Amino acid sequence: MSTNKKRSRKKQKVYTIHWPVLLGLTFLLVAVVLLGVGVVRACALPAGDALEAEGTQEPIIQAPTWSPLPVDVDFTKVHSTHVKVFFPDEGKIRDMLLEEYILGVVAGEVGSSYPMEALKAQAVACRTYTMYSIRHGGCKTNPSADVCTSSSCCQTYRSDAKLRRSWGNTYTYRYSVIAKAVMDTAGVVMLYNGKPINAMYHAASGGWTEDSENVYGSTFAYLRSVESSHEIGSRQTGEVRYHRGTFVEKVNGARPNAHMEEDKLEEQLKVLSLYTSGRVEKLQLNEDVITGRTARKLFGLDSAMFTVEITGDEVIFHTKGFGHGVGMSQAGANGMASDGADYKTILSHYYTGVSFGVIGQY
Ligand SMILES: [Zn+2]
């Protein structure tokens with residue numbers, strides 16, 4: 001019995017010593033495996049994807065190398081200029097702090113996903129456009145205001161309430177990103193002959209921006225056609241299709257002198273001339289000739305940089321770029337910033353011969 005007891009005790013002793021060791025080893029093994037998976041996953045992600053929210057359409061593409069600002073930014077501490085903003089949907093004019101308005105415009109125009117220097121370039125362009133508008137009769141829709149919130153008249157603007165709704169739980173981060181771009185450039189504007197410039201901008205150039213007179217008839221020395229070779233954005237190319245019959249109806253309805261015929265489109269529809277940028281200068285519609293800009297409006301094209309393809313059934317417009325093409329290309333600014341350019345380099349590229357100044361000091 002004593003021997004059995006001894007053996008039994010010995011046996012029990014063996015198990016009590018090894019179970020914790022075994023469990024410890026198991027935990028250690030699991031931890032090593034999990035750590036390994038984490039390292040492999042981290043190495044597989046490009047640095048720029050560090051903050052990307054999986055499954056969202058608009059990823060936050062840039063990892064901050066700075067501390068995000070608190071949400072309650074006090075714009076009065078950096079600048080005190082005010083601007084009268086007309087809200088067409090409410091029929092009201094609001095007196096706003098300039099920088100607070102600029103934040104809503106940058107948010108509306110490009111959002112928060114561009115690199116910081118591209119956002120700063122956008123902030124300076126929006127601010128300069130606003131200061132130019134103040135000096136030149138204000139908003140065309142409502143001259144009692146300096147600017148309005150309509151993209152077809154002045155500049156797109158998103159209110160804080162709209163941003164909170166659309167950004168949801170990414171609001172704080174996104175707001176901080178744009179607030180930094182606005183605050184770091186607070187008061188900075190582009191000047192030509194010592195005055196704020198007409199800082200026009202557009203979504204994508206298609207490779208070359210446009211001379212202002214080719215689009216709006218007025219020549220501005222700083223709004224020259226420049227190459228924009230590296231563009232990053234969603235609206236690089238487009239296509240608009242019309243059935244031959246629909247196309248002829250549309251043209252003859254809008255241009256009664258054209259007298260187009262469905263079975264003679266190959267002879268009657270021609271691009272007559274191009275600007276050096278590649279945008280269409282003149283388009284022949286049988287007995288009528290229209291400008292590329294008019295064609296863009298009439299046929300609902302993304303830009304006036306287009307070619308025409310005529311098939312057995314259809315007329316197809318192939319476009320490059322998006323917008324009027326004058327001044328800064330937002331997709332081009334995105335490309336330049338991604339290549340390491342700072343905001344002044346970006347703006348100096350798209351606005352020929354400009355200098356920089358601060359509101360109240362020029
Ligand atoms: Zn307006």
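Val106 touches Leu119, Gln122, Ala123, Cys126, Ile178, Ala181 and Val182, leaving aside residues up to four places away in sequence. In this predicted model, Val106 is also listed with Leu119, Ile178, Ile346 and Leu347 as having the most contacts inside the largest nonpolar core, a set of 55 residues. The protein chain contains 11 helices and 14 strands, and 38% of its 362 residues count as buried.

**Nonpolar cores**

- Another core, of 18 residues, lies apart from it and includes Ala304, Met305, Phe306 and Phe317.
- In soluble globular proteins, nonpolar side chains tend to be buried together.

**Contacts along the chain**

- Of the contacts between residues at least 6 apart in sequence, 63% join residues at least 24 apart.

- Helix α5 has 14 residues, and the distance from its first C-alpha to its last is 20 Å, close to the 20 Å expected at 1.5 Å a residue.
- Its buried residues are Arg174, Tyr175, Val177, Ile178, Ala179, Lys180, Ala181 and Val182.
- These buried residues of α5 pack against α2, α3 and α4.
- The axes of α4 (residues 160-167) and α5 come within 9 Å and cross at roughly 130°.
- On the α4 side, Leu163, Arg164 and Trp167 meet Tyr171, Arg174 and Tyr175 of α5.
- Sorted by class, the contact of α4 with α5 has four nonpolar and two charged residues, with no polar ones.

**Helix α10**

- Eight of the nine residues of α10 are buried, so this helix is largely enclosed by the rest of the structure.
- The buried residues in α10 are Gln330, Ala331, Gly332, Ala333, Asn334, Gly335, Met336 and Ala337.
- They pack against α3, β6 (201-202), β13 (328-329) and α11.
- Gly340 follows α10 and has a positive phi, near 105°.

Notes:
Residues are numbered from 1 along each chain as its sequence is written. This is a predicted model: local features need pLDDT of at least 70, side-chain atom pairs count only at pLDDT 80 or more; totals for chains, interfaces and linings use all residues. Helices (H or I, at least four residues) and strands (E, at least two) are DSSP runs, numbered from the N terminus. A residue is buried if 20 or more other C-beta atoms lie within 10 Å of its own, exposed if 12 or fewer, and partly exposed in between; C-beta atoms are placed from the backbone. Two residues are in contact if their C-beta atoms, placed from the backbone, lie within 7 Å. A nonpolar core is a set of buried Ala, Val, Leu, Ile, Met, Phe, Trp, Tyr and Cys residues joined through C-beta atoms within 7 Å. Axes are lines fitted to C-alpha atoms, for helices over the stretch in contact, and angles run from 0 to 180 degrees between N-to-C directions. Ala, Val, Leu, Ile, Met, Phe, Trp, Tyr, Cys and Pro count as nonpolar, Asp, Glu, Lys and Arg as charged, and the others, Gly among them, as polar. The expected span of a helix is 1.5 Å times one less than its number of residues.
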